[in-house]
Amino acid sequence: MVGLVDCNNFFVSCERSRNPALEGRAVVVLSNNDGCVVARSNEAKRAGILMGQPAFQIKDRINTGEIIALSGNHLLYREISNRIHSIFRSYAPKTLDYSVDEAFLLMDGVPHSCLKEIGEEIYRRCWNEMHIPVTVGFAPSKTLAKIVTESCKKARRPVGVLNDAGKAREVMSRMPIADLWGIGRRLSKRLYAMGVFSIADFADRELSWVRSEFGVNGERSWRELHGEDCIDLSHVEHELQDSVSESRTFPEDVSDYDWIRARIAIYAADCSRKLRAMKGECGLVGVMLQTNRFHLERGNARPEGVVQLASHTSDTVEICSAAISVFDRIFIPGILFKRAGVWLSEIVPRISETPSLFESENSIRHKASRRFLMNAVDNINIGPGTPVIKLASQITQGHPGHNDGYSSTFQYPKN
Ligand SMILES: [Mg+2]
């Protein structure tokens, strides 16, 4: 059996562990520059606050005290994460840290009859010692462990053990296919068109159909739903960072759209490279700009935005275009900017050689060749200094005086 322990609303729970007065209130944690919401308590979710929502949109509700907004304290989250993972480790023969607030417990050799008690003990210790609420689910495969944990969280039950096929099918029939591990919103649309709406709809299909439509990764996921543990996370040997970021102060203030846009692409490409080096994928891309303080009267001093990706990725092209879409949204023409940055978060280990589980053979081949391409680019760009191979969006003409010491000074041919 495999267990999954997941901390509930982790960042908010960390804040509450230090300040019990936040209990029961609608609390949100903001991104690094207080620009947008990156974590929400259940009360804040119920109050209609969206993930990534810009803070200025809820300013009035913050001012009236309806919503409590906190600046993120990532040192605290990291410290609590380390301590909570060491609690997890003391209850399983082997654990795999999946993210800051999630770990798989490999329960080989542990009698099934003890699992519920072990789950309850983990819950009790995390609550008593750390004041962090967790949900623990046990099942025959990692995918089913994710499913049982998710359904327990919805039912506000701290522990669940899923060990018979009938019960598994019932839980799967209540869950939309978009909630299946490795399925993005984008891919779920394709499955809807095929009449697959719930996870059970997918598990009910013939394996041969799954294999022909979704290839080996689809097959693997199908087998996981039927209780076979086959998603390999053995390459996850070290703890992943919670986020990866790149930012720079410009040597002089700049208002030029193209020049700053190229900086965003450069930082995004570098973050993606770091992400691949740690064998991770991210789910969230953020961009921040900082204006010259003498331009404060012209608007927000630190425009910032995030975008939730349709599925986890480490692909430079996908991450760059996401970062640029955020940049386009927050850029203010005519304002002098002095700093910009990109960050990637919701980092998890890559679960397969192909980025997403449910793609056509064609797109798997495309993604596999993209991964091969990214690998080749990383190998050529190895070492410090200016990367040899870049995306076109990382290149700008002119403004040599604005070199931030980060990009190359040599001239690229036009087009
Ligand atoms: Mg969590």
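# Reading the terms in this model

User: What makes Ile380, Val388 and Ile389 a nonpolar patch on the surface?

Analyst: Together these three residues have about 270 Å² of accessible area. That area comes from the Shrake-Rupley method with a 1.4 Å probe, and for residues only the protein chains shown count as cover. A patch takes residues with over 30% relative accessible area and no salt bridge, and joins nonpolar side chains (Val, Leu, Ile, Met, Phe, Trp, Tyr) within 5 Å or like charges within 9 Å. A salt bridge would be a side-chain nitrogen of Lys or Arg within 4 Å of a carboxyl oxygen of Asp or Glu. The model is predicted: local features need pLDDT of at least 70, side-chain atom pairs count only at pLDDT 80 or more, and totals for chains, interfaces and linings use all residues. Residues are numbered from 1 along each chain as its sequence is written, and side-chain values use heavy atoms, with hydrogens and water left out.

User: Why is Val388 called exposed?

Analyst: Exposed means over 50% relative accessible area, buried under 20%, and partly exposed in between (1.4 Å probe, protein chains only). Val388 has 62%, so Val388 is exposed.

User: How do you know which residues coordinate the magnesium ion?

Analyst: Donors are N, O and S atoms within 2.8 Å of the metal (3.2 Å for Na, K and Ca). Asp6 (OD), Cys7 (O) and Asp101 (OD) sit at 2.1 to 2.5 Å, and coordinate the ion. Water is not among the atoms, so the site may look incomplete.

User: Why does the pair Cys7 and Asp101 tie together parts that are apart in sequence?

Analyst: Cys7 lies in strand β1 (residues 2–7), while Asp101 is in the loop between β5 (94–99) and β6 (102–106), so the parts they tie together are 94 residues apart in sequence. Strands (E, at least two residues) and helices (H or I, at least four) are DSSP runs, numbered from the N terminus. Cys7 is buried at 1%, and Asp101 is buried at 13%.

User: How do you know that β5 joins β6?

Analyst: Pairing needs at least two DSSP bridges between the strands. Five bridges join β5 to β6, which run antiparallel. Lys94 stands opposite Leu106 in β6, and the hairpin passes through two residues.

User: Why does the count come to zero disulfides?

Analyst: A disulfide is a pair of cysteine sulfur atoms within 2.5 Å. By this rule the count is zero.

User: What makes Glu346 partly exposed?

Analyst: Its relative accessibility is 30%, so Glu346 falls in the partly exposed class. Glu346 lies in the loop between β12 (337–345) and β13 (348–349).
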